[in-house]
Amino acid sequence: MAPLTGAKVIAQALHDLDITVLHTLVGIPVADIAEEAIDLGIRVIGYRNEQACSYAASIYGYLTGRPGVLLLTGGPGIIHGMAGITNASTNAFPLLVLGGSSESTSVTKGGFQELDAIALLTPHTKTAIRPSSKEPTAIVAALRTAYRIAWYGRPGPTFVDLPTDLIMEPSPADRRVDRPVISVSPPPKPGPSSDLITSAARLLRSSSAPLVIIGKGAAYARAESTIRSLISTHHLPFLPTPMGKGVVPDSHALNTSSARSAALKNADLVLLLGARPNWIVHFGEAPKYRPDVKIIQVDISPEELGRANSLGEPALSIFGDIGLVVDQIKAELGDWKAFSEPRVVSDPTAASSSYLDLLSRGAATNSAKTSEAAEKMTPVSGQLIYQRAYHIIKSTVNSLSPPSKGEIVYVAEGANTMDISRSSFPLEQPRQRLDAGTWGTMGVGLGYAIGAWSAYNLPSRTKKIIALEGDSALGFSGMEIETMARHRMDIVIIVMNNSGIYKGDATSATQWKEMQDRTSSSETAASNLKDRVKSLRSSSLLYETRYEHLAEMVGGTGFFVRSEEELRTATRKAFQEKEKVPCVLNVIIDPGINMDASFGWLETKEKHRGGGQSKL
Ligand code: ADP
Ligand code: MG
């Protein structure tokens with residue numbers, strides 16, 4: 001019988017923890033762990049870059065509600081994976097990171113891929129440890145501790161350093177018999193103290209303009225049923241953050257998303273459920289909020305509480321699990337209602353109270369703007385715009401899968417691609433939207449799509465993953481399309497191709513066309529090329545790159561899309577793809593040279609010189 005190595009002990013421990021998917025890019029020495037894991041029936045997904053791999057593992061954790069597991073090689077493998085580890089920390093995603101490291105005996109001598117990963121990762125993880133010895137009990141204890149800490153309390157990344165000798169060498173003695181079996185129970189849920197619940201209910205009752213902000217912590221906590229009941233029973237207007245969408249259906253009458261600014265500006269009381277008062281909600285500060293706004297913050301992380309207090313106004317900080325806290329607030333509120341009737345927020349004629357009037361007016365104006373852009377036919381000149389393209393994608397997808405079923409997960413990244421998609425794709429179910437998150441991280445998209453696919457495509461359930469990718473965003477991890485094909489993942493990637501970062505670069509579209517036109521004389525082509533290269537802006541990308549060939553390269557289907565009809569057909573075909581292959585729709589979008597380059601949610605205008613088109 002083969003000797004019991006550390007690799008076997010580690011793989012068996014992962015199996016005991018009910019880990020069914022391992023995200024990795026193998027090398028020496030961690031390949032042995034991955035191979036042992038495969039033999040135990042764990043689905044091992046091998047990526048092309050640790051960056052995408054680490055994003056995938058972390059979003060897998062967010063979507064499944066249990067730590068995703070990331071297996072990295074040492075040194076540079078850890079460095080590449082830092083992207084996803086720090087992103088997981090910032091976003092509070094549960095993630096167990098296992099990293100190979102050089103032989104214990106070569107430490108400080110310049111060993112192969114030597115790096116003090118514990119020192120590096122300590123500030124970015126909840127814990128970073130190394131098993132105290134090569135004994136199976138020590139290895140298993142370290143894994144159990146790290147897994148538990150990633151999961152318990154506020155979720156986040158943890159790290160276990162695994163020296164090569166620990167992984168590869170046979171155990172000091174054969175311990176097949178006493179190999180410890182481990183398990184970790186789901187995290188305990190802290191309940192709130194009752195006096196805080198009484199105070200919260202009192203504040204809500206005395207508010208004339210309450211607003212519930214729902215963040216991705218509420219989606220992670222799977223608190224949708226109690227929050228839906230809170231909103232509907234007590235007629236409380238609510239606002240989801242980008243990844244908090246769908247905890248309460250976007251179609252709910254009290255959704256203030258289309259009156260976002262009015263809701264924030266006029267609320268006298270904010271109940272913050274699973275969202276930190278950071279830039280995403282404008283820090284809870286004036287002038288976006290009333291200077292006297294009161295904030296009730298609910299969080300599972302005690303350290304987080306009180307951050308909403310920067311205004312010095314009385315705020316309430318409730319430590320506890322969102323589900324339990326909301327249950328108790330509801331019990332305390334009884335049959336009290338904030339407004340006598342649940343108003344249709346976007347219907348100005350229905351509102352009665354002045355706060356609801358304001359919300360209704362804001363919503364009506366914004367909805368009109370959005371639908372005008374969506375309804376606008378593409379001009380004869382032929383260039384699609386985001387809103388119109390999204391309208392077509394959405395209506396096609398909805399006709400194939402009703403939104404109420406929540407069978408689709410949208411990944412969205414890129415500046416305009418992400419911003420505009422937020423309102424273009426209303427959601428009815430939680431955990432259906434994955435975007436750049438707390439850090440505004442670009443480059444997460446394909447990793448997130450694979451992570452989501454692996455979280456949701458099980459014999460018991462399947463979901464379709466649609467990744468809306470800016471052409472810049474796609475570039476970060478484009479080669480992961482091969483990972484998708486290899487693992488038979490029928491992910492739909494829709495590239496919103498405006499030939500640039502933020503706004504596109506059509507400044508010299510004609511120049512590009514001429515340059516790319518093989519029939520023009522070589523002198524013209526050479527002079528065009530010179531002019532073109534001189535006029536490149538920092539945000540420019542190659543004009544109309546044929547990204548759809550990425551799908552064809554790996555046996556998937558690519559669609560080059562310019563018109564509404566092409567978009568409709570391609571969306572339908574890609575969605576209904578029967579072969580388990582990725583599809584890429586390369587959608588040519590108006591480069592929008594006259595558009596401001598902005599990151600909508602942030603609402604700051606980034607000045608970009610526009611290559612002669614300096615309207616900005
Ligand atoms: P968003 O990006 O949607 O604004 P954030 O990531 O800023 O959301 O905030 C999510 C918050 O939710 C974190 O502070 C996290 O600690 C908290 N959280 C996560 N799970 C729970 C839970 N079960 N109960 C209470 N708070 C939670
Ligand atoms: Mg772009």
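Helices, taken as DSSP runs of at least four residues, and strands, of at least two, are numbered from the N terminus. In this predicted model, Glu577 occupies the loop that runs between helix H22 (564-575) and strand S17 (583-588). Glu577 is buried but takes part in no salt bridge, and Lys464, the nearest side chain of opposite charge, lies 7.9 Å away. The side chain of Glu577 instead makes a polar contact of 3.1 Å with that of Thr557. When residues up to four places away in sequence are set aside, Glu577 touches Thr557 and Cys583. The charged end of Lys464 is placed over the ring of Phe575, at 5.7 Å from its centre.

Salt bridges number 21 in the structure. In one of them, the side chains of Arg431 and Glu224 meet at 2.7 Å, N to O. This pair links distant parts of the chain, 207 residues apart: Arg431 belongs to the loop between helix H15 (415-424) and strand S13 (433-434), and Glu224 to helix H10 (residues 224-234). Arg431 counts as buried at 10% relative accessibility, and Glu224 is buried with a relative accessible area of 16%. A further salt bridge joins the side chains of Arg388 and Glu564 (2.9 Å, N to O). Here too distant parts of the chain are linked, with Arg388 in helix H14 (residues 386-400) and Glu564 in helix H22, 176 residues apart. Within helix H15, Asp419 and Arg422 are three residues apart, about one turn of the helix; their side chains form a salt bridge of 3.3 Å, N to O, and both residues are buried.

Aromatic pairs were also examined, and a search of the whole structure finds nine. Tyr62 and Phe93 form a tilted pair, 5.1 Å centre to centre with 50 degrees between the planes. Tyr62 lies in helix H3 (residues 50-64) and Phe93 in the loop between helix H4 (76-91) and strand S4 (95-101), so the pair ties together parts that are 31 residues apart in sequence. Both Tyr62 and Phe93 are buried. The pair of Tyr147 and Trp151 is edge-to-face, because the ring centres are 5.7 Å apart and the planes stand at 65 degrees. Tyr147 and Trp151 are four residues apart in helix H6 (residues 136-151), a separation of about one helical turn. Ring pairs also join Tyr386, Tyr390, Tyr410 and Phe425 into a cluster.

Notes:
Residues numbered from 1 in each chain as written. Chains lettered and ligands numbered in written order. Predicted model: local features only at pLDDT ≥ 70, side-chain atom pairs only at ≥ 80, totals over all residues. Heavy atoms only, no water. Buried < 20%, exposed > 50% of the residue type's maximum accessible area, 1.4 Å probe, protein only. Lys, Arg positive; Asp, Glu negative; His and termini not counted. Salt bridge = Lys/Arg side-chain N within 4 Å of Asp/Glu carboxyl O. Polar contact = N/O pair within 3.5 Å; in protein donor to acceptor, adjacent residues only side chain to side chain. Contact = heavy atoms within 4.5 Å. Phe/Tyr/Trp six-rings, centres within 6.5 Å; stacked < 30°, edge-to-face > 60°. Lys NZ or Arg CZ within 6 Å of the ring centre and 35° of its normal.
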